Amino acid sequence: MDCIFCKIIDGSIPSKKVYEDDKMLAFYDIEPAAPVHVVMVPKAHIASADDLNEENSQYVAHIFSKAGEIAEKLGLDGGYRIVNNCGADAGQTVFHIHFHLMGGKTLGKMA
Ligand code: 5GP
Ligand code: ZN
């Protein structure tokens, strides 16, 4: 499959990994939008939040269950923001669902 994040998961595209287990991978974003910016992806090709259902949403629950641990490892003591862009209007550019984990400064108001 021609998916950048599937290739990062299988190792054919290198990445700077922060956390990995059998269900997810977290790695540094190549174009950081905050002092600390990591992308958390499931090890299943789900195109976007629009494609979630009862069966595959366990991957999202798993990612959120590990986010605090990852943030702690990254030293984000003051808090962090998790963002999911769904679809073109939201600016989604990679169609393998992912959650941006950002922090390292006081982030501006959003939403
Ligand atoms: P989106 O815009 O779809 O919400 O987020 C995609 C993110 O993936 C962007 O922040 C972009 O910088 C990041 N990205 C795209 N290609 C690569 C890559 O090859 N390696 C890494 N580490 N990040 C990537
Ligand atoms: Zn994929």
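Modeller: What follows is a set of questions about labels, each answered by setting a value against its cut-off. Please keep in mind that this is a predicted model.

Biologist: What makes Cys3, Cys6, His45 and His96 the residues that coordinate the zinc ion (ligand 2)?

Modeller: A donor has to be an N, O or S atom within 2.8 Å of the metal. Here the atoms are SG of Cys3, SG of Cys6, ND1 of His45 and ND1 of His96, and they lie at 2.0 to 2.3 Å from the zinc ion (ligand 2), so they meet that cut-off. Along the sequence, the spacing of these donor residues reads C-x2-C-x38-H-x50-H.

Biologist: Why is the arrangement around the zinc ion (ligand 2) called tetrahedral?

Modeller: For four donors the word requires that all angles lie between 85 and 135 degrees. The 4 donor atoms around the zinc ion (ligand 2) subtend angles of 106 to 115°, and the arrangement is therefore tetrahedral.

Biologist: Why can one say that the pair Cys6 and His96 ties together parts that are apart in sequence?

Modeller: Cys6 belongs to helix H1 (residues 4-10), while His96 sits in the loop between strand E4 (81-83) and strand E5 (99-103), so the pair ties together parts that are 90 residues apart in sequence. Both Cys6 and His96 are also buried.

Biologist: How do you know whether Asn56 is buried or exposed?

Modeller: Buried means under 20% relative accessible area. Asn56 has a relative accessible area of 15%, and therefore it is buried. Asn56 is found in the loop between strand E3 (36-42) and helix H2 (57-73), and, if residues up to four places away in sequence are not counted, Asn56 touches Ile46 and Asp51. Between the C-alpha atoms of Asn56 and Ile46, which are 10 residues apart along the chain, the separation is 8.1 Å.

Biologist: And what puts His62 in its class?

Modeller: The relative accessibility of His62 is 13%, so His62 counts as buried. This residue lies in helix H2, and with residues up to four places away in sequence not counted, His62 touches Asp21, Lys23 and Met24.

Biologist: Which residues does Lys66 touch, if those up to four places away in sequence are not counted?

Modeller: Lys66, which also lies in helix H2, touches Tyr19, Asp21 and Met24 on that count. The C-alpha atoms of Lys66 and Met24 are separated by 9.3 Å, although these residues are 42 residues apart along the chain.

Biologist: Why do Lys109 and Leu107 carry the labels they do?

Modeller: Exposed means over 50%, and partly exposed covers the range between that and the 20% limit for buried. Lys109 is exposed because its relative accessible area is 79%, whereas Leu107, with a relative accessible area of 23%, is therefore partly exposed. Lys109 lies in the segment after E5, and Leu107 is found in the segment after E5. Leaving aside neighbours within four places in sequence, Leu107 is in contact with Ala34, Arg81 and Met102.

Biologist: How do you know that there is empty space in a model, and how much lies in the largest pocket?

Modeller: Rolling a probe the size of a water molecule over the atoms shows where empty space is left. About 380 Å³ of space lies in the largest pocket. Its lining consists of 18 residues, of which Phe5, Asp29, Ile30, Val39 and Val94 are the closest to its centre.

Biologist: What gives the most to that lining, and how do its residues divide?

Modeller: H1 gives the most, with 3 residues, and H1 and strand E2 (24-28) each supply at least two residues. The lining residues divide into 10 nonpolar, 7 polar and 1 charged.

How values were computed. Residues are numbered from 1 along each chain as its sequence is written. Chains are lettered from A and ligands numbered from 1 in the order in which they are written. This is a predicted model: local features need pLDDT of at least 70, side-chain atom pairs count only at pLDDT 80 or more; totals for chains, interfaces and linings use all residues. Side-chain values use heavy atoms; hydrogens and water are left out. Donors are N, O and S atoms within 2.8 Å of the metal (3.2 Å for Na, K and Ca); water is not among the atoms, so sites may look incomplete. Four donors count as tetrahedral if all angles lie between 85 and 135 degrees; four count as square planar and six as octahedral if opposite donors are over 155 degrees apart and all others between 65 and 115; anything else is irregular. Helices (H or I, at least four residues) and strands (E, at least two) are DSSP runs, numbered from the N terminus. Buried means under 20% relative accessible area, exposed over 50%, partly exposed in between (1.4 Å probe, protein chains only). On a 1 Å grid over the protein atoms alone, a cavity is a set of points where a 1.4 Å probe fits but cannot get out, and a pocket is an open set with protein on both sides within 12 Å along at least five of seven lines; lining residues have an atom within 4 Å of a point. Grid points are joined across faces, edges and corners, and a volume is the space filled by probe spheres set on the points. Ala, Val, Leu, Ile, Met, Phe, Trp, Tyr, Cys and Pro count as nonpolar, Asp, Glu, Lys and Arg as charged, and the others, Gly among them, as polar. Contact means heavy atoms within 4.5 Å.
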